[in-house]
Every structure is written in structure tokens, then in C-alpha cells.
Amino acid sequence: MKYLVTGGAGYVGSVVAQHLLEAGHEVTVLDNLSTGFREGVPAGAAFIEGDIRDAAKWLDPSFDGVLHFAAFSQVGESVVKPEKYWDNNVGGTMALLAAMREAGVRKLVFSSTAATYGEPEQVPIPESAPTRPTSPYGASKLAVDHMITGEAVAHGLAAVSLRYFNVAGAYGDCGERHDPESHLIPLVLQVAQGRRDAISVYGDDYPTPDGTCVRDYIHVADLADAHLLALAAAAPAEHLICNLGNGNGFSVREVIETVREVTGHPIPEVVAPRRGGDPAVLVASADTAREKLGWNPARADLAGIVADAWEFTRRIAKEH
């Protein structure tokens with residue numbers, strides 16, 4: 001099979017592209033490198049430096065499907081620059097869907113997010129939970145989910161949206177290289193490396209066992225497995241939405257302590273005020289993914305996730 005991976009020079013896209021190659025598929029990565037890295041594109045994948053708005057230049061009937069990761073994803077930035085997120089995440093996806101329609105490519109797996117839910121009413125969060133995003137980023141992803149539903153009904157698209165919770169870890173030569181970095185585990189690892197003096201803990205008075213926010217962490221390789229299963233499960237004229245998470249939560253302080261244990265480094269922490277819009281607990285119900293995709297995360301151990309991320313972080317530091 002032949003697949004186009006948009007945003008395949010980014011963190012999750014590159015790991016999924018690597019999994020596709022290992023499964024024997026032909027892979028073309030389309031990325032404008034605005035946030036991705038050329039060295040992140042796996043060996044064996046064809047690479048096009050370009051924008052998803054121009055996907056019609058490269059999509060043709062030889063492709064069996066598209067895996068769509070190309071998006072801006074900084075929640076804070078989306079609040080101050082909402083137009084950037086509507087233009088790229090929504091406008092870009094509209095152009096991609098039009099290119100797929102024109103080329104007769106009728107299978108799509110979309111990288112969605114738990115940010116579509118906003119402040120949850122129940123935990124673990126099922127797909128039936130109300131979608132009330134608290135940022136333009138989450139709203140832009142939800143808008144795309146609605147677009148895909150319409151495309152499936154009107155034009156027979158076979159589509160699966162995967163709503164990620166907190167993705168972490170690394171796989172081979174693929175890992176997190178965000179700049180600026182906003183994810184907790186790589187930020188704590190930067191402290192272990194001596195690149196950051198301390199880790200900020202945003203609020204220690206939440207209604208949780210240790211007062212810090214609780215999040216559901218999923219290994220990026222487990223996430224990639226779900227994408228390949230989604231390609232197999234996608235059915236014409238249907239849009240399936242699945243949460244991806246372990247169903248278990250770890251607090252900020254548990255993550256910091258795990259990094260201390262894995263790296264052997266002291267991790268100074270500084271308590272800072274709560275950030276607006278940070279729910280106390282975000283944990284996924286992944287029952288739909290288990291039932292519809294046959295997906296079961298195999299790497300749920302937090303120490304293992306941190307160890308993989310630490311190994312990747314040290315290797316990248318040596319290369320640079």
C-alpha cells in the first residue's frame with residue numbers, strides 16, 4: 001500500500017511513517033518544515049517539502065490513503081494567534097480534503113486531540129463526552145472532525161479520527177524535538193541535562209492526591225500502532241472517532257519523581273500559579289479503540305516511557 005503522511009517530519013508523524021515502512025508500505029512524507037525537522041523523516045520514505053494547501057500537486061490515484069498530522073499544536077500560541085490556527089489547521093485541511101476528493105483517495109486517518117473536550121464532566125473521558133474546547137487549537141481540531149464527518153457522509157470517505165491524550169517516549173531515531181518545548185516529560189529531561197535550572201509545577205492545590213494535575217500518558221509507539229489499525233478499520237462513508245490513552249493517570253509530581261529515578265539526576269522544582277484552562281484530571285476511556293480497532297497499548301509503564309525519551313534526548317544532544 002502507498003500512503004501520504006502529512007506532517008511526517010514532526011514527532012508523531014515521523015514515528016507513524018516509520019511504523020508504516022516497517023509494515024512494508026510505501027510512504028511519502030509531505031511537510032513544510034515550519035515545525036518539523038528534515039532529519040526526522042525516516043530513511044526509506046520519499047520526502048516532499050511543501051504545504052498541505054498544495055497537496056493536489058502530489059496526490060494522485062496511486063495513493064491508498066492519507067495520514068494527516070500537519071497542524072500547529074501550541075495551545076498558548078493559539079490563544080494569542082487564533083487566526084494562524086484557523087488558517088492552517090482548518091483551511092489547510094479543507095484544501096487537503098479537496099485534493100483527496102479530486103484524486104479519488106478515499107481513506108483518511110486524522111490526528112485529533114483530547115483538547116476537543118475541554119473541561120471534562122466525567123473521567124475517564126468517553127467519546128460521547130461534550131466537546132467544549134477551551135482554546136482555538138482544540139476548536140480547530142474539532143472543526144476538522146466535523147468537516148471529516150461531512151466528507152464521509154457526502155462523498156464516501158473512509159475516515160478515523162484519533163484523539164490523543166499525552167503522547168510521550170521515543171521510537172528509534174524518532175522523538176520529540178519541539179522548539180519551543182511545551183510537553184512535561186521533555187521539559188523535565190531538559191532539567192536533568194542541565195539545560196534548564198528547574199521545572200515549573202503550575203499549581204499544587206488541585207483536588208488530586210498530591211495537589212498537581214493528573215494526565216494520561218501514552219507511548220508514541222503505541223500511538224503509531226493505533227494508526228495502522230485505523231487504516232485497516234476505516235469503512236467507506238463512515239467517520240469513526242477514538243480516544244487514545246492508557247486509561248491511567250500520573251500526576252506532575254509523579255512524572256518528576258520518575259524522571260529522577262530514571263536519570264539519576266536531582267530535579268529542582270518551582271511551584272508556579274495555575275495556568276488558565278488546565279483541568280485537574282484528564283484521563284481517556286479507550287474502550288472504543290479496543291473494541292473497534294483491536295488496539296491495546298503495550299507500553300503503559302511510565303518509567304519505560306521516560307527511559308525511551310531520555311535515551312533519545314541524550315542521543316540528539318551528542319549529535320548536536
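This is a predicted model: local features need pLDDT of at least 70, side-chain atom pairs count only at pLDDT 80 or more; totals for chains, interfaces and linings use all residues.
Figure 1. Helix α5, residues 184-193, packs with α9 at an angle of about 55°, and the two axes are 10 Å apart. That angle makes α5 oblique to α9. The two helices cross in a right-handed sense. On the α5 side, the contact is made by I185, L189, A192 and Q193. On the α9 side, the residues are L302, I305, V306, A309, W310, T313, R314 and A317. Sorted by class, the contact of α5 with α9 has nine nonpolar residues, two polar and one charged.

**Figure 2. Helix α7 packed against helix α9.** Helix α7 brings E254, V255, T258, V259, V262 and T263 to the contact. Helix α9 brings L302, A303, V306, A307 and W310. The contact of α7 with α9 divides by class into eight nonpolar, two polar and one charged residues. L302, V306 and W310 of α9 take part in this contact, and L302, V306 and W310 also belong to the contact with α5.

**Figure 3. Helix α1 packed against helix α6.** Two packed helices are described by the angle between their axes and the distance between the axes. For helix α1 (residues 11-22) and helix α6 (residues 220-233), the angle is about 60° and the axes are 9 Å apart. The helices α1 and α6 are therefore oblique to each other. Helix α1 passes α6 in a right-handed crossing. The residues of α1 in the contact are Y11, V12, V15, V16, H19 and L20. They meet V220, A221, L223, A224, D225, H227, L228 and L231 in α6. By class, the contact of α1 with α6 is made up of 11 nonpolar, two polar and one charged residues.

**Figure 4. The aromatic cluster of F72, Y85 and Y137.** The structure holds two aromatic pairs. In one of them, the rings of F72 and Y85 have their centres 5.9 Å apart and their planes at 55°, so the pair is tilted. F72 lies in the loop between β4 (65-68) and α2 (75-80), whereas Y85 lies in helix α3 (residues 82-103). The pair therefore ties together parts that are 13 residues apart in sequence. F72 has a relative accessible area of 14% and is buried. Y85 also counts as buried, at 0% relative accessibility. Y85 pairs with Y137 as well: the ring centres are 6.5 Å apart and the planes stand at 85°, so the pair is edge-to-face. This pair links distant parts of the chain, with Y85 in helix α3 and Y137 in helix α4 (residues 136-155), 52 residues apart. Y137 is buried, with a relative accessible area of 9%. Together, F72, Y85 and Y137 form one aromatic cluster.

**Figure 5. The cis peptide bond from V123 to P124.** The peptide bond that runs from V123 to P124 is cis, and its omega is near 0°. P124 is placed in the loop between β5 (107-113) and α4.

**Figure 6. L33, a residue with positive phi.** L33 is not a glycine, yet its phi is positive, at about 60°. L33 lies in the loop between β2 (26-31) and β3 (46-49). With a relative accessibility of 25%, L33 counts as partly exposed, since buried means under 20% and exposed over 50%.

**Figure 7. A237, a residue with positive phi.** The phi of A237 is about 65°, a positive value although A237 is not a glycine. A237 has its place in the loop between α6 and β11 (238-244). A237 is partly exposed, with a relative accessible area of 42%. Helix α6, at one end of this loop, is the helix that packs with α1.

Terms used
Residues are numbered from 1 along each chain as its sequence is written. Side-chain values use heavy atoms; hydrogens and water are left out. Axes are lines fitted to C-alpha atoms, for helices over the stretch in contact, and angles run from 0 to 180 degrees between N-to-C directions. Helices (H or I, at least four residues) and strands (E, at least two) are DSSP runs, numbered from the N terminus. Angles under 35 degrees count as roughly parallel, over 145 as roughly antiparallel, 65 to 115 as roughly perpendicular and the rest as oblique. A crossing is left-handed if the near helix is turned anticlockwise from the far one by less than a right angle, and right-handed if clockwise. Contact means heavy atoms within 4.5 Å. Ala, Val, Leu, Ile, Met, Phe, Trp, Tyr, Cys and Pro count as nonpolar, Asp, Glu, Lys and Arg as charged, and the others, Gly among them, as polar. Rings of Phe, Tyr and Trp (its six-membered ring) pair if their centres lie within 6.5 Å; planes under 30 degrees apart count as stacked, over 60 as edge-to-face and the rest as tilted. Buried means under 20% relative accessible area, exposed over 50%, partly exposed in between (1.4 Å probe, protein chains only).
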